[in-house]
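Hi,

Here is the model I said I would pass on. Have a look at it first, and my notes on what turned up follow below.

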Amino acid sequence: NGAGKTSIMKVLTGYHRPSEGRALLNGVDAMDEPVALKAMVGYLPEGVPLYGDMTVAEYLLFIAEARALPPDARQAALDKAMLACGLPGMADIRIEHLSKGFRQRVGLAQAIIHDPDILILDEPTTGLDPNQILEIRALIRSLGASKTVILSTHILQEVEALCNEVLILHEGRIVAQGSASKLAQDMQGDERFDALLRCRDFSSLSALAEAHAYSAFALEELGEGRARARFSVRSGRGDEAAEALFNWAVAQGASLLELRRERMSLEEIFVRLTGEERAP
């Protein structure tokens, strides 16, 4: 919170003027070419402004007119947006009678009614219940199949669920950028393994851990020929570690009953970049 996410989005959509510098979106200057910018961008602000006394169809037709869609193209654009956002059969319902989840769907429909190439969504799941969050995430994922989606959120699970590129802001500055796995690798985070094995003799497993430089290696024998092995390796060496464990199991005639692999989470990356360790 307070890192500048919403301010950046308002600049990129032409609602705020930058105090200095230029804001370019797909090569279009947000201040010099505002009409061209708005034609290629759909924007869902946090707390989307909806008119409760309008029906869904009235509101979306109003937005289509405001977007300067030709009159003979507005109904088709409305139908397409409503279908894409899961709103069929709701055209004549007044917006004030919709649940928060469906109001958010209407907000997304207004953002795509002019078929923009880029969607900018500011905190799109704020205030929704868990089921509504899953529905809106699925909708965003489907829209992202054909459009570039720029999403702002402080919910890191949402980033991991939806985004293939991550940009972390701290006090108005970019402190990290890349995929979640690349950020973990760049920060030299550990990949953690938890394996459940069945074998007659686990004595050679410690030698395997030493040979492959497993860190934080721990072996807990559970009885009846079963044991749980936990260990970590540096990010980027996870495939090698998993393969070595599998090969050991084959050579020993062991059964690999369960194997869980966890990379450095986005939450851990975020805390490391913005937490107390970065404070002066």
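How do the residues lining the second largest pocket divide into nonpolar, polar and charged? Ten are nonpolar, two are polar and two are charged. Keep in mind that this is a predicted model, so I'll come to confidence further down.

Staying with that second largest pocket for a moment: it holds about 340 Å³ of space. Its lining has 14 residues, and the ones nearest the centre are Tyr15, Pro49, Ile63, Arg67 and Gln110. Helix H3 (residues 56–66) supplies the largest share of the lining, four residues.

Now the largest pocket. The space in there comes to about 1200 Å³. It is lined by 36 residues, and Ile150, Leu151, Glu165, Val166 and Leu167 are the closest to its centre. Quite a few elements give two or more residues to this lining: helices H1 (5–12), H6 (130–143), H7 (156–162) and H11 (266–274), plus strands S5 (148–152), S6 (166–170) and S7 (173–178). By residue class, the lining of the largest pocket has 19 nonpolar, twelve polar and five charged residues.

As for the chain as a whole, it has eleven helices and eleven strands. The C-alpha trace spans about 75 × 45 × 30 Å along its principal axes. The radius of gyration is 25 Å, whereas a compact globule of 280 residues would come out near 19 Å. Of those 280 residues, 41% count as buried. If you take the contacts with a separation of 6 or more, 67% of them are between residues 24 or more positions apart.

Mean pLDDT for the chain is 88, and 96% of the residues reach 70 or more. Where pLDDT is low, the predicted coordinates should not be read in detail.

- Largest pocket: about 1200 Å³, with Glu165 among the residues closest to its centre.
- Second largest pocket: about 340 Å³, with Arg67 among the residues nearest its centre.

Cheers

Conventions. Residues numbered from 1 in each chain as written. Predicted model: local features only at pLDDT ≥ 70, side-chain atom pairs only at ≥ 80, totals over all residues. Heavy atoms only, no water. 1 Å grid on protein atoms, 1.4 Å probe; cavity = no way out; pocket = protein on both sides within 12 Å on 5 of 7 lines; lining within 4 Å. Points joined across faces, edges and corners; volume = space filled by probe spheres on them. Nonpolar A, V, L, I, M, F, W, Y, C, P; charged D, E, K, R; others polar. pLDDT = per-residue confidence, 0-100. Rg over C-alpha atoms; globule rule 2.2 N^0.38 Å. Buried < 20%, exposed > 50% of the residue type's maximum accessible area, 1.4 Å probe, protein only. Contact = heavy atoms within 4.5 Å.
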